[in-house]
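Here are a few friendly notes to read alongside the model. Please keep the structure open as you go through them.

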Amino acid sequence: MKLLEKTSKYYFIFLSLFSLLTIIIFYYSIQFMVYDDIDEKLKHESERINYSFQEQGKLPSSNYIVDIISIKDNLPYTNVFKDTLIYEMYEKDLIPYRNYEFHTPIGKERYKITLRNILLDSDDLIRGLFVTTALILLLMLTGLFFLNQKISKHLWNPFFKNLTKLRSYDITKKNKVCFETSDVNEFKELNNVVSSLITQIELDFQNLKEFNENVSHEMQTPLAVMRNKMELLLESKNLDEREIEMVQATYRETTKLSKIGRSLALISKIENQEFNQNQNLNIKEIVEDVLNNFEEMIAFKKNDLKTTLIDKILILDPILANILFTNLIKNAIQHNKEEGFIFLCLDNEKFVIENSGDVLSEEPEKLFKRFHKNKYSSESMGLGLAINRKICELYGFTLEYKHHEGIHRFVLFFSEL
Amino acid sequence: MKILVIEDNIELLKDIKEYLEREGNVCEIAKDYQSALSKINDFQYDLLVIDITLPDGSGLDIIREVKQENIDVGIIVISAKNALDDKINGLELGADDYLTKPFYLPELNARIKALYRRKIYNGSNDIIFNEIKIIPEKRLVLVNEQALTLTQKEYDIINFFIANKNRLLTKEAIAEHIWGDHIENSDSFNFIYTHLANLRKKISDFGGQDYIKSIYRVGYKFSDQE
């Protein structure tokens, strides 16, 4: 729900309750005032009648008098106000009246005189009040709605602009976010907080990048030295077989370590979106290039290669595209058996690569994990597919793996499933 | 060939120097930016091997300096730091080649020789090893003046061998030279073995000697010496 809708909702709830309360208060206060007014009027009339009796000894003409009764007894009486309902023929309804009974001596006799005045119909009063208040409420709501819209258009304008800027913010690109300034303190504060957050994130990102680079750098140079020294050692003719084997094993592991370092650095570079030289690439050409590179390897393993490729243009980083397809094709060659087959198919939606190989007993999901190895190729670092997965995440591709009785099938969909 | 190697790791520097000197080059070393610059200004070199990360400056600045002064010298960049950016920067500034650490010394040696040939002879001089002759611009190998029919990988292998003749080439170094980073070892080793067998046969078919010597478990050596 939008902020505007939400505030409107609360305004409406509040105003409705508020109106109800106003109606109640108005009702009672108006009623009180009406009674007060009528009572005052009737009292005044009674005083006028009394005065007239005493000064002139006769009953003045009055529209309020409804009844004059002579009283025979000597009991003390008090003057009372009374509400009464009288059925009026012309209205065909009960009409509320206010009666005032007072006692006055006329000569030697005492009379009880009843004055009467019509009262406001409480139903009418409530209805009237309700309608008026509802009208006011409606006016207020429409007013508030338009006011809110105006406010959101003007006051919130910098906020929405900044939101758009933040949405397009890319930490890998080195452009700074310039916030719209606002004289609203809350927005100013928000801008400050987000700015400092961004600075912090950029700093962290930079540190992480530098750390990765440093690890990679600091690790590779010693590895280069180790490897060179071992090469020299292997070249010397004074080693016996056992010693050669030991040096050889160390040499091999050093190579492995260096490859792991490079692969991990590659993964973090993909995660950091450092590969962004996106351009139009013909996937068919990339696949053919990779196949060309492995052509002799395929022939050497006596693998039967079948391809159906069409021209398919995608916008990718050339380095990542090359890594992705090299990994997939290399994988199909490496995990193939002698005289097996490789089948490649590229169409508009997907790239399929199928190869013969050993029957797998593992969960396909595991293959994509870093450092996953299967028992058939202990040499493999298991990072290739993890790298592929990262590349797919970056471009919104989907990589699926299935195997069935020694046939392995990778499907790369050029979209998210 | 006179080469200046600029690299801050002493051990790596020593290895490179030793390797290149055994190839008959004159190799000088510089451990930092300042000494590298003064050496470049004072002496004439055919080739610079530059590490990007130096304690007191960037190797990229050395390339800039060299290009500004119009010094005619081949430049090979070696670096591990943020390889991608450095690669682009280095080549844009005018470096001729790029190697990512850790590289194999035979690889560096082969690159140096190839670059030197490109620079001095525009790539048109032939490489001769006894009865074997390589014509790089045609990617052709002759044995006793008869052309061999080689696959691309076979050509790469023999070229790599002759650039590093009489030196031990480990299987790993050969594999990386042919496929780059991409291949796992076990497969490629068998493949190299088969390829070398083919290569030996092709050379001997035209009366060439068998110069490819297996070094127990480790690799191979291309040599006419015992």
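1. Helices (H or I, at least four residues) and strands (E, at least two) are DSSP runs, numbered from the N terminus. With that in hand, look at B:Asp51, which sits in strand S3 (residues 47-51) of chain B. B:Asp51 counts as buried because its relative accessibility is 0%; buried means under 20% relative accessible area, exposed over 50%, and partly exposed in between (1.4 Å probe, protein chains only). An unreviewed UniProt entry gives this residue, B:Asp51, the feature "modified residue: 4-aspartylphosphate"; such annotations may be inferred rather than shown by experiment.

2. A word on the basis: this is a predicted model, where local features need pLDDT of at least 70, side-chain atom pairs count only at pLDDT 80 or more, and totals for chains, interfaces and linings use all residues. Residues are numbered from 1 along each chain as its sequence is written, chains are lettered from A and ligands numbered from 1 in the order in which they are written, and side-chain values use heavy atoms, leaving out hydrogens and water.

3. Next, please find A:Gly261 in helix H5 (residues 241-271) of chain A. A:Gly261 is buried because its relative accessibility is 12%.

4. Is A:Glu40 buried or exposed? With a relative accessible area of 53%, A:Glu40 is exposed, and it lies in helix H1 (residues 3-56) of chain A.

5. Helix H1 of chain A also holds A:Ile13. A:Ile13 counts as partly exposed because its relative accessibility is 41%.
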